[in-house]
Protein chains: 4
Amino acid sequence: MQTKEFYWKERVHIYDTDSQGIVHYAGYYRFFTDASEQYAKSRFGLNWPLVNDKVWFVVVESYARYRMPLRLGDEIRTYVNAATAGSKAIEFAFKIYRNTDMVCEGRIVQVAIDKKAWKAVSLPRSIAARISGRTVKR
Amino acid sequence: MQTKEFYWKERVHIYDTDSQGIVHYAGYYRFFTDASEQYAKSRFGLNWPLVNDKVWFVVVESYARYRMPLRLGDEIRTYVNAATAGSKAIEFAFKIYRNTDMVCEGRIVQVAIDKKAWKAVSLPRSIAARISGRTVKR
Amino acid sequence: MQTKEFYWKERVHIYDTDSQGIVHYAGYYRFFTDASEQYAKSRFGLNWPLVNDKVWFVVVESYARYRMPLRLGDEIRTYVNAATAGSKAIEFAFKIYRNTDMVCEGRIVQVAIDKKAWKAVSLPRSIAARISGRTVKR
Amino acid sequence: MQTKEFYWKERVHIYDTDSQGIVHYAGYYRFFTDASEQYAKSRFGLNWPLVNDKVWFVVVESYARYRMPLRLGDEIRTYVNAATAGSKAIEFAFKIYRNTDMVCEGRIVQVAIDKKAWKAVSLPRSIAARISGRTVKR
């Protein structure tokens, strides 16, 4: 049950839902974003996806697989697992739980760029060093 | 400094901002919604704006006045002050603070309706009773 | 029936709705934004709210009054009426119609600022000149 | 250049962007949703994802790959290619173009369900029949 991983708790709000009575599919990315921002705040001390005046991270890929619907007021925990993806990117893998049910899983991949030149750059060392040995092939 | 009022703390996320580098004006209503849902959860024990199988609340008016911009990572406290507005409506007044600066104030007004008939009904007593004596003329 | 005013047509999408089966109250500001951006594109030839490298417009006030619910697939027309509000601001007034029913009305007020200094500046002449003689007191 | 495929044109709005000055990654799903709703309106005559009082479609998977950033005011065309995915699902594949540049591609997979029982059901014939012979293995 992943007890050692980082997770972020929150509630489903009315604006997360749509007229099917459940959370709108694109709304899960809000939960992914919240969890990755909190992860980065806690692990790297950064206002993610901004690193400094030169470097920030931009999303190059996103994916979600929906297993069970979520409804207004549901309490969720979004687990985050980060890995380097080559020398310039980070992959965040997410699993969202409501109690013991895994309701959604997915990922976002973010590449470090020089924000002026808008070109990919190497992962800042301070970040690469704090990400577990795990790496993802791309 | 309103220390006795209910407030809800949260952080500004990347999706709250727009390309002007600040929180998008409509995004403040997300903060208003979060705070009123938490207020209702704590005071009424409800998954606001749903009361029961028959009654829920719908928004009939919203207003915001923006005083200072908010940016990614800002920590805010949204203060909530609820009042009855006639026999069928509630008015939530909000003030958003970043540290000691009041950055935004506004309100939403919600009317109790019979969700099948979609007609206004009297405020449920359990709710009216828990709202401070204060009332707003409309 | 306001036939000479500018209006913008669009459909209500699933993401505009919430679990009450109707458009979420904050979603109407998306319609207001769409209509004002199209108005400014057509009247001023600008990517509103950006004017040039120095000046852009920021929202200082927003208001909406909801009269009838909107649902998925509804076709709407958002009428825009712009006025100067003092020497530095524009007020956009909106009325949203579904067929002949006025379902929502509201406004947003935007102030011209120097984006570097983040200080209010006079309305650019090219904009002020193209706004009808009408002016709003503030 | 896919001239025979269905596409939907729209502009990037200020609320689609975030403080990195580009469209927020989750915002592209709004473009996907718009295009699939318009596709279904035009091909099936439906208020997608609703089919009738019994059946509607829910999203079980979403994916996007971002190739180039989009900015406020950009004019885009979202191409839609639909295929059956087994007997109960539809896969919509999307490619978003700005002029001749393909800026984003992705997909959403939707399963037909009985909305009362919340169980997967066979694709309605009227829909299956109107989807090109193409099918996707899952």
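In which sense do strand S2 (residues 55-66) of chain A and S2(D) pair, and over how many bridges? In this predicted model, the two strands run antiparallel to each other and are joined over five bridges. Within this pairing, Tyr63(A) has Tyr63(D) as its bridge partner.

The same surface serves both copies, since 100% of the contact residues of chain D recur in chain A. Chain D gives 16 residues to the contact, and chain A gives 16 residues. On the side of chain D that touches chain A, two elements give two or more residues: helix H1 (28-44) and strand S2 (55-66) of chain D. S2(D) gives the most, with ten residues. By type, this side of chain D divides into eleven nonpolar, two polar and three charged residues.

A second pair of chains was also compared. Chain B can be laid on chain D by a turn of 180 degrees and a shift of 0.0 Å along the axis, with an RMSD of 0.0 Å. The two copies are therefore related as by a two-fold rotation axis. Here too the same surface serves both copies: 100% of the contact residues of chain B recur in chain D. In chain B, the residue closest to this rotation axis is Asp18(B), whose C-alpha lies at 1.9 Å.

Attention now turns to the interior. In soluble globular proteins, nonpolar side chains tend to be buried together. The largest nonpolar core of the model has 176 residues. Tyr28(A), Tyr28(B), Tyr28(C) and Tyr28(D) have the most contacts inside this core. What does Tyr28(B) touch, leaving aside its neighbours within four places in sequence? Its contacts are Val23(B), Ala64(B), Ile96(B), Cys104(B) and Gly106(B).

In chain A, Tyr28(A) is one of the buried residues of H1(A). Others in this helix include Phe31(A), Phe32(A), Glu37(A) and Tyr39(A). The length of the helix can be checked. H1(A), residues 28-44, has 17 residues, and at 1.5 Å a residue these should span 24 Å. The end C-alpha atoms are 24 Å apart, so the two values agree. Gly45(A) follows the helix, with a positive phi near 70 degrees.

Ser87(B) lies between strand S3 (75-85) and strand S4 (89-98) of chain B. Is Ser87(B) buried or exposed? Ser87(B) counts as exposed because 12 C-beta neighbours lie inside 10 Å, and a residue with 12 or fewer is classed this way. Ser87(B) still has contacts beyond four places in sequence, with Ser122(B) and Leu123(B). Ala120(B) is 33 residues away from Ser87(B) in sequence, yet their C-alpha atoms are 9.9 Å apart in space.

Conventions. Residues numbered from 1 in each chain as written. Chains lettered and ligands numbered in written order. Predicted model: local features only at pLDDT ≥ 70, side-chain atom pairs only at ≥ 80, totals over all residues. Least-squares fit on C-alpha atoms with pLDDT ≥ 70 in both. Contact = placed C-beta atoms within 7 Å. Helix = DSSP H or I, 4+ residues; strand = E, 2+ residues; numbered from the N terminus. Nonpolar A, V, L, I, M, F, W, Y, C, P; charged D, E, K, R; others polar. Pairing = 2+ DSSP bridges. Buried ≥ 20, exposed ≤ 12 C-beta atoms within 10 Å, placed from the backbone. Core = buried A, V, L, I, M, F, W, Y, C linked by C-beta atoms within 7 Å. Expected span 1.5 Å × (residues − 1).
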